Amino acid sequence: MKKQAKGPGTIVDLMSRFPDEATCVAFLHKLRWPDGFVCPRCGECGSVTIQTRRLEQCRSCRHQTSITAGTVFHRTRKPLRLWFLAAFFVGRHKTGISALQLQKDLGLGSYKTAWAWLHKLRSALHERGEFRLTGLVEADETYVGAKNERGVRGRQLVGKSLVAAAVESRGERAGALRMEVLSAASQAELGPFVRGAIDPARATVKTDGWSGYGDLCQHGAKHEAVVQGAPARAVTILPWSHILFSNFKGWLRGTFHGVSHKHLSRYLQEFVYRTNRRWLEHDLFFYVLRRAVQSEPLPWARLTAEATA
């Protein structure tokens, strides 16, 4: 597929580019089959688009394939223009959008629909495993959730969600970011997370003196541990991880007013995806749509039942 033009900067621009359902279907067709339609049944190329039903009919065997089947839009009955608007809000709004606000802005009939749409789009925004962090990488963890228990601090907190982060430190700016919900601040949890995020041949991991990072060297990672001592030194030792933790918590409070542990991973995915592409703001609409087309369906039963931590 040829390189896309610069993404829409305003809703007016978006609507002018996609004035009707037919233009949305044509655009999804290009995203799904950039080199032309290939029939999943007979393998032949070429199709006829049935606009009214969002179907592609193979010219050879006449098998019909839905333009949305097998994607995040699987079995949707809503206009694609509404989905395009939702993708625009997710990609272009730096602070994201809540389900309640999306329901109001799109005129959706229920909060449940808006909530499901946003989580389906977030589920597609995972980082690809082949792209690893390099250079100096800060690794740290924090707790997200309810207010602190009185008299309890740090890793002794309960009733909160543990979130780990690994971020490239580029001096005056942060590089790429990875974040994940963990069940414990142990070597069994922190070690695999950090090792899965970095390129061990091209990265040096910097952490505080917590024992949960103690076996990184044994598994081939270059590790620089700095004993924290006074709690105030944490920000000095690992500045970018603390800035990003603060940004993430502020985002959750400001846009969503808190989220459940069960679905926290998807909010992390959205935050990481947008952070890593913060210089590509105008292209995020196209990126979100492409990921939605490339990702598997997420039916309601799985959306509400799966364990995401």
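## Exercises on helix packing and strand pairing

The buried residues of α2 are C24, V25, F27, L28, H29 and L31, where buried means under 20% relative accessible area with a 1.4 Å probe and protein chains only. The model is predicted, with local features needing pLDDT of at least 70, side-chain atom pairs counting only at pLDDT 80 or more, and totals for chains, interfaces and linings using all residues. Residues are numbered from 1 along each chain as its sequence is written, and side-chain values use heavy atoms, leaving out hydrogens and water.

**Exercise 1.** Check the length of α2 and find what covers its buried residues.

*Solution.* Helices are DSSP runs of H or I of at least four residues, strands are E runs of at least two, and both are numbered from the N terminus. The expected span is 1.5 Å times one less than the number of residues. For the 12 residues of α2 this gives 16 Å, and the end C-alpha atoms are 16 Å apart, so the two agree. The cover over the buried residues of α2 includes β1, β2, α3 and α10 (284-294).

**Exercise 2.** Describe how α3 packs against α2 and against α5.

*Solution.* Axes are lines fitted to C-alpha atoms, for helices over the stretch in contact, and angles run from 0 to 180 degrees between N-to-C directions. Contact means heavy atoms within 4.5 Å.

- Step 1: the axes of α2 (residues 21-32) and α3 come within 8 Å and cross at roughly 65°. E21, C24, V25, F27 and L28 of α2 meet L80, R81 and F84 of α3. That contact has six nonpolar, no polar and two charged residues.
- Step 2: α3 (residues 80-92) and α5 (residues 111-123) pack at about 65°, with axes 11 Å apart. L82, W83, A86, A87 and V90 of α3 meet W117, L118, K120 and L121 of α5. Here the classes are eight nonpolar, no polar and one charged.

**Exercise 3.** Work out how β2 pairs with β1 and with β3, and which residues of β2 are buried.

*Solution.* Two strands pair if DSSP finds at least two bridges between them.

- Step 1: β1 (residues 47-50) and β2 are antiparallel over four bridges, and I50 has L55 as its bridge partner. Their hairpin has four residues between the strands, with R54 in the turn at a positive phi of about 55°.
- Step 2: β2 and β3 (residues 64-66) are antiparallel over three bridges, with E56 opposite T65. This hairpin has five residues between the strands, and R62 in the turn has a positive phi of about 70°.
- Step 3: both faces of β2 (residues 55-58) are covered, with L55 and Q57 buried on one side and E56 and C58 buried on the other.

Definitions and conventions
Nonpolar A, V, L, I, M, F, W, Y, C, P; charged D, E, K, R; others polar. Buried < 20%, exposed > 50% of the residue type's maximum accessible area, 1.4 Å probe, protein only.
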